[in-house]
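I opened a notebook on this structure to look up a helix and a sheet. The entries follow in the order I made them.

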Amino acid sequence: MNHKTAEKIIMFFIGFLAIAAVGKILCLRTDPPAIRVSDSEYYSAKEITVAVSGEVKNSGTYKVAAGTSLHELLYLAGGIKDDADPESVDPDSILYEDCSINVGKLSDYELKAKKALQKPNVNNKCNINTASATELAMLDKIGEKTAEDIVRYRQEHGSFQAIEDIKKVKGIGEKTYASIKDFITVE
């Protein structure tokens, strides 16, 4: 993976996380959901039963006023979990009697990328002493197996003292080192 591809992946996930953060903020509001009152008989006193499951903090069955939005139901259910896929549901949808909502989960790849992006890195370099295998695999010419070998080497031999020490890991030669040396650090 070259530097530009890595930048594109990082920018995609930053955008995704921004959308997810907005969704999470909407689910964490502190005021209770308003009961909607309308002139129509349907909305005036009708209560409906709905179920919510999946990646919510308190799944279960809830009785809510007719006309309640999914956003309000998610608020009642304690919000969505950190590994929830905010795009698996439409928070603006209006609930109906006996509906069942299942909030999906992010894939393992999306979760790993989200966690990697949450770790601040002031110099935009990958710290080979603290990076996870997922973060290391984002480096050019470093696949999942080599990334796991780097982590294993670090666990068995301790921290790298200099970036050149990464060449001690099986599978990392001069060519691979040359392509990653400007993007790694030991500090």
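I began with a definition: the expected span of a helix is 1.5 Å times one less than its number of residues. I also noted for myself that this is a predicted model.

Entry on the helix. I looked up α6, which covers residues 144-157, 14 residues in total. At 1.5 Å a residue, α6 should span 20 Å, and I found its end C-alpha atoms 20 Å apart, so the two values agree.

Next I asked which residues of α6 are buried. I listed Thr146, Ala147, Asp149, Ile150, Val151, Tyr153 and Arg154. I kept a general point beside the list: an α-helix has 3.6 residues a turn, so residues three or four places apart point the same way. I then checked what covers the buried residues of α6, and the cover includes α5, residues 133-136. Past the end of α6 I came to Gly158, which follows the helix and has a positive phi, near 90°.

Entry on the sheet. I wrote down first that strands of a sheet pair through backbone hydrogen bonds, either parallel or antiparallel.

I then turned to β3, residues 100-103, which pairs with β1 in the parallel sense over 4 bridges. Here Val52 stands opposite Ile101 of β3.

In what order do the strands of the open sheet lie? I recorded β2-β1-β3, a sheet of 3 strands with mixed pairing. β2 and β3 are at the edges and each has a single partner strand, so one side of each is left without a neighbour in the sheet. Last, I noted the twist, which averages 30° from one strand to the next.

Terms used:
Residues numbered from 1 in each chain as written. Predicted model: local features only at pLDDT ≥ 70, side-chain atom pairs only at ≥ 80, totals over all residues. Heavy atoms only, no water. Helix = DSSP H or I, 4+ residues; strand = E, 2+ residues; numbered from the N terminus. Buried < 20%, exposed > 50% of the residue type's maximum accessible area, 1.4 Å probe, protein only. Contact = heavy atoms within 4.5 Å. Pairing = 2+ DSSP bridges. Axes fitted to C-alpha atoms, helices over the stretch in contact; angles between N-to-C directions.
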